[in-house]
Amino acid sequence: MTDEYNMQSAATAWQDVLPRFRNLYYGGNWHAPIGGEFRAVNSPGTGTELCKVAEADERDVPLVVDVARDGFQQWRQVKPLERAKVLRKMASIIRSNLHELALLDAIDCGNPVRMLYGDVAAAAELLDFFAGLVTEMKGSSIPMGPGAVNFSIREPYGVVARIIPFNHPLLTCAGKIAAPLAAGNAVIIKPSEQSPLSALRLAELFDELLPPGVFNVVTGGKAVGAALSQHPGVSMITLVGSIPTGRAVMRAAAETIKPVLLELGGKNALIALPDTNPDHVADAVIRGMNFEWCGQSCGSTSRAYIHSDIYEDVIEKVASRITRFKPGIPSDPETTMGALISQAQLSRVESYVAQAKLAGARLIAGGLRPANESLKNGYFFEATVFADVTMDMEIAREEIFGPVLSIIKWDDKSKLIQQVNQLDLGLTCSIWTDSLQDANQLAQDVEAGFVWVNDVAKHFLGAPFGGVKQSGIGREECLGELLAFTREKNIHINFAPA
């Protein structure tokens, strides 16, 4: 598979995978933005301009919502099993364009193309998964005695707007339309202005597959997200993004009392007890940080709490093994670590590294931009590890969203739990121990929505993924996500009215 992929990617120039249409896609057609503005899309790996795409504003949103509402009225009448067939066709189309879609995301968001191959496959799997759940949108009946029947049904909300992030553009676009479409809703996708190209390409690939207005893509900035959140014709709003953006979406949605589903940030903990294998822990510390993605993943375990008995041993092994992550051009199949999304994010990472050094953290690896001359125009930073980090340091408390890992020594279990839980975030946690009793207790004590024991950095179809506290509201990648895009209606029938 790797050899086939290398040959395919080498034979495909990045210019050949760009979407041909770069306007707004709604109502089954391409439309110029009302304001006439187009935004340049730059490649994080090279800093060069890839193309320009339409820049919508709040004036475009009512037009999109109107056609989406029309599309919804058609789509909701399609039988669930027929909707499932359409979703499976979408999955098949994605698989048929696997190589091109992976390369498109690589040049657009800066992640290594070798990793994005898996993103494309996962997107197709999500569509297939929710296609298989359409008959599970069940209601219930309540016994009323002779002469009456009382039952509930589930029906779609209407128009769902989904605001998606820059770090996994294709996966979050295709994956996040799966559940609402399966439930019978129309969807408006607002991709990140930093990596909008795969959403536009999917609009091209899915064109005419769905009734007009059922799937729509609106490129633009914060004004579009705010307008979608406030619009009374949008029945539900969802976001994968930062905590400040999540707060803004909730405030805007409150104007029309619409439900929200939020997957927000994380400053996640990895906990290693003294009875576990230091080799396994070192590998987990590295895997959990998602260095391939430059740490740009909300589920990254960026706080590693290592017991003092194995602390120095783990640090030594991490320092020697992290060298396999070398920043490189994202479209190169040999690249093991991609680029940060922007110059602003690169500067942010550099600022946190400088603060950590001043605060007294011990630099174990990285800490600099790569010296490779071929990377000078991209937004690259080395895989960076600090040891002797304490909870009063900013790198231990704030989500950097970059390739910076903090290693913290612990001895006292009660203090450990207090430190792990003291932040207002709680998305994931990874626990490493050979003790079933300790594993069970820690899994219950940590305030996180998704916990691994002796594993890390994996999602499982059907397992509910989501956070607690300010890491989000709701669960995804499971039956619960499908049901979240339906509302329950109760019907009472009296067969013998007085």
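Student: What about Glu263, is that residue buried or exposed?
Tutor: Glu263 counts as buried, because its relative accessibility is 9%, where buried stands for under 20% relative accessible area, exposed for over 50% and partly exposed for what lies in between, computed with a 1.4 Å probe and protein chains only. Bear in mind that this is a predicted model, in which local features need pLDDT of at least 70 and side-chain atom pairs count only at pLDDT 80 or more, while totals for chains, interfaces and linings use all residues. Residues are numbered from 1 along each chain as its sequence is written, and side-chain values use heavy atoms, with hydrogens and water left out.

Student: Which UniProt annotation covers Glu263?
Tutor: The unreviewed UniProt entry gives Glu263 the annotation "active site"; UniProt positions are in the numbering used here, feature names are shortened, and annotations may be inferred rather than shown by experiment.

Student: Where is the place of Glu263, and which residues is Glu263 in contact with?
Tutor: Glu263 belongs to strand 11 (residues 260-263), where helices (H or I, at least four residues) and strands (E, at least two) are DSSP runs numbered from the N terminus. If its neighbours within four places in sequence are set aside, Glu263 is in contact with Lys176, Leu239, Val240, Gly241, Cys298, Phe465, Ser471 and Glu476, contact meaning heavy atoms within 4.5 Å.

Student: Switching to the sheets, which strands form the open sheet with antiparallel pairing?
Tutor: That open sheet has 3 strands in the order 5-6-22, and two strands pair if DSSP finds at least two bridges between them. Strand 5 (141-142) and strand 22 (486-494) are at the edges with a single partner strand each, so one side of each has no neighbour in the sheet.

Student: How many bridges pair strand 5 and strand 6?
Tutor: Strand 5 and strand 6 (residues 148-156) are paired in the antiparallel sense over 2 bridges, and Ile142 stands opposite Asn150 in strand 6.

Student: And how many residues of strand 13 are buried?
Tutor: In strand 13 (residues 303-307), 5 of its 5 residues are buried. Arg303, Tyr305 and His307 point one way from the strand, whereas Ala304 and Ile306 point the other way. In a regular strand, side chains alternate between the two faces of the sheet.

Student: Which strand do the 4 bridges join to strand 13?
Tutor: Strand 12 (residues 269-272) is joined to strand 13 by 4 bridges, and the two run parallel; within this pair, Ala272 stands opposite Ile306 in strand 13.

Student: Now charges: how many salt bridges are there in the whole structure?
Tutor: A search of the whole structure gives 24 salt bridges, each being a side-chain nitrogen of Lys or Arg within 4 Å of a carboxyl oxygen of Asp or Glu. Side chains of opposite charge can pair when their charged atoms come close.

Student: Which residues are linked in a network of salt bridges?
Tutor: The network links Asp279, Asp283, Asp313, Lys317 and Arg321. Within it, Asp279 and Lys317 form a salt bridge at 3.4 Å, N to O; Asp279 lies in helix 10 (residues 278-288) and Lys317 in helix 11 (residues 311-321), so this pair ties together parts that are 38 residues apart in sequence. Arg321 forms a salt bridge with Asp283, with the closest N and O atoms 2.9 Å apart. Here Arg321 lies in helix 11 and Asp283 in helix 10, so this pair too ties together parts 38 residues apart in sequence.

Student: What is the relative accessible area of Arg321, and of Asp283?
Tutor: Arg321 is partly exposed at 22%, and Asp283 is partly exposed at 30%.

Student: What about Lys85, which residue does Lys85 form a salt bridge with?
Tutor: Lys85 forms a salt bridge with Glu82, the closest N and O atoms being 3.3 Å apart. Both residues lie in helix 3 (residues 80-96), 3 residues apart, which is about one turn of the helix.

Student: Zooming out, how many helices and strands does the protein have?
Tutor: The protein comes to 16 helices and 22 strands, and buried residues make up 56% of its 498 residues. The unreviewed UniProt entry places "domain: Aldehyde dehydrogenase" at residues 39-490, a stretch that is 39% helix and 19% strand.
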